[in-house]
Amino acid sequence: MCRLDWLKGNWVLALTLGLTVASCATQVGNQRAGSPIQPPISDPQPLAAQAPAPATTARVQAALGQLPLYFIKNQGRLDPGVAYYLQGRDTSVYFTATGLTFTLTEPGATGPEAGVRPVAFRPEAASAAPRQRWVLKLDFVGANPQVQPLGQDLTPAVVSYFKGPESQWRTGLQTYAAVVYPELWPGIDLVYSGTANRLKYTFVVKPGADPKQIKLAYRGATSVQLTDAGQLDVRTPAGGFADDRPYAYQESGGQRAEVATAYSVAAQDTAGEQAYGFEVGTYDTSKELVLDPVVLVYAGYIGGDDGEAGSGIAVDSAGNAYVTGITSSTQATFPVTVGPDLTYNGGFADAFVAKVNAAGTALLYAGYIGGSGEDRGFGIAVDSAGNTYVTGDTTSTEATFPVTVGPDLTFGFGDAFVAKISVVDVDGDGFTVAQGDCDDNNPAVYPGAPELCNGLDDDCNGAVDDLPECTDACPNDPNKTEPGICGCGVPDTDTDGDGTPDCTDTCPEDPNKTDPGVCGCGVDETDTDGDLTPDCADACPEDPNKTAPDVCGCGVAETDTDGDGTLDCFDTCPDDPNKTEPGVCGCGVADLDPDHNGVANCEQDLAVIALLVPKHLTLTAAKPQLTRTLRVILQNRSTDSEIIPNAETLVNLLHLTVDSLGPCAPPPLALTKPTAFPVKLKSKKSLTAVFSQTFDCANDPRRSTARNPSHADYRYTVALDHTVLDGNADTHPADDVCPRDPLGLDPNPDGTIVDQGCGGKKADGTLGAEVLTDVVVK
């Protein structure tokens, strides 16, 4: 008979929520609550043959139903890509940097025997209907690929796997109540936690971050659909689950305000990936936003995916429950692909032992005991110090069963075993095995101890000598012992000597650049014209107003002076909004044909040939006010008639002004003739415009003479504005003003200019004398 007397205080994980207490015994007996347990023999207390009290069984089963989810840190058990994992009866979840992997197992039978698999003494006698398994991936789309999941809220449960030879044991593994992905998207954290049958995930959107960044995608699902209730229904060949309708909120002043939110599901792509995100209503972007959906997946606390049966139960004086039994659930390795997963991981059935706290809110320890054969736990006892004793039978040989010390360590045919789970701090370092001490015989080894380069797992984190100085960080690079800037296998060479190694210098042969910029490596970012566009990308490198020739070319502005829609560089009449080329009459002159003879009237020519005013007036006491007339004679020198439609147009056309040469105000003018409009002024004909003017003031009482003309009182000017008629300027503007500049006389139309006081002779005999009125007061 092979007996295992001591398990060196180690224990392993295998408890499932589907555990059913088939037969068990308690140690409370007739003891009063809180009284010490008095074992009949030695320290451990024997198991009674009778079944436990119904209240005890009910309490233990209720306690199992209250256990939270435990996120177990991977320390060498699974694929290195797994940071944390969660084991359940029908579902296991693996947490990696790029997403989650769900291992779904087809639900088993229901009813009284649900979750209990018949166990024969020999493996070959077992018979159970196979249950299909399926692997489903959940990817973080567009997320930070360098994110490292972190465990949060350390639980009191530490986990050790005690199966097979000692080299395969894993002890002191920590468990957490949550796993956090910090800054998974810019400004957004993702937190996974769980209670009861729910795996909960929460997005924390920090102030200013955009929740539209959140995008996830399922791979391996047969369908991902929104239900009428707003849930996300995920289906696979092995069953499925639902993501409950999302709930979003913000908190302010201790109050929680709900924010409208819903799933946004995209169409499945050709690779079978089904992406989704969230549609979020209006909220205060200056405050934190929490998106709080729940996965209605049966996680099953800590457990396995096959049958289990409970055979023994014990309760200590503090109310903690101890359970032993048998399980055929295995610790699955990490699945690397989506689809069916039918891998079996060794051993037909193992014994397990578990401890649940009195409140039923925490699993203090649980684990496998076994080898490659069939191992069953039947009885369990606990002593006053809290050490647990398990007995059962096994068909595993000493090659795979974790034998340590005992009277017989050699396997026979089918042997009984006994194991002790110790809570004593053997080495006095302040930590027991149940608290994660991975070597309770060495006081220098305990959780949190300084890690040394000594070939030991000093801090009980599952890794030996995990310090940078303990190993060569570049073991395959003979030129490096640490990655440096460029990493192992890549020399930190700086070819161009600019201080930036070639591995991060995208212009490794250009000492003036570390990235191509606009112009590329080897080309300076010169900006000759200072328009902030380098010459290499500036098609007009010497024109500060252009980076491309556009329509007019470099150095020529895209100006449209007259606003006619044609740029000046193509407009041969750039100041004429009515023409883009001279036509018959030239720029500024419309090609008019008012008499419809087929010949354009290009000449717009009106001339002022006379400005007649009173030269001398005398005001007396008897006549302190005199009214006189002023005459402006206008001649049409064009080949066609001109139409003057009304008196206002005529006044604006002539623009007659009177200036006072002293303190007197200019006398008012009033047009008196012509009185009938419109007036048609035929070619070569003249029109006399008569104005009435009243004089009642003299600036200087003295008379002006030819020798002394400086005593004049009023000066007159006519400035003809032809544009008031048809918008076109006068073709011959030299004779539009009076008095006239003698050097600007225009010989149009027949070579003679008849001036009747518009440009009269000066005292020196030249034209251009001012038109003046002299008022004398007596």
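A salt bridge is a side-chain nitrogen of Lys or Arg within 4 Å of a carboxyl oxygen of Asp or Glu. With that term in place, I shall present the salt bridges of this structure.

The model is predicted, so local features need pLDDT of at least 70 and side-chain atom pairs count only at pLDDT 80 or more, while totals for chains, interfaces and linings use all residues. Residues are numbered from 1 along each chain as its sequence is written, and side-chain values use heavy atoms, with hydrogens and water left out.

Let me begin with the protein as a whole. It contains three helices and 38 strands; helices (H or I, at least four residues) and strands (E, at least two) are DSSP runs, numbered from the N terminus. Of the 778 residues, 46% are buried. Buried means under 20% relative accessible area, exposed means over 50%, and partly exposed lies in between, with a 1.4 Å probe and protein chains only. Taking contact to mean heavy atoms within 4.5 Å, 59% of the contacts between residues at least 6 apart in sequence join residues at least 24 apart.

I now turn to the salt bridges.

In one, the side chains of Lys546 and Glu558 meet at 2.3 Å, N to O. Both residues lie in the loop between strand 27 and strand 28, twelve residues apart. Is Lys546 buried or exposed? Lys546 is buried, with a relative accessible area of 5%, whereas Glu558 is partly exposed at 30%.

Another salt bridge pairs Lys480 with Asp492, at 3.0 Å from N to O. Lys480 and Asp492 are also placed in the loop between strand 27 (415–421) and strand 28 (606–612), so this pair ties together parts that are twelve residues apart in sequence. Lys480 counts as buried at 12% relative accessibility, and Asp492 is partly exposed at 36%.

Asp139 counts as buried because its relative accessibility is 14%, while Arg219, at 30%, is partly exposed. Salt bridges that share partners also bring in Glu273, so that Asp139, Arg219 and Glu273 form one network.

Thank you for your attention.
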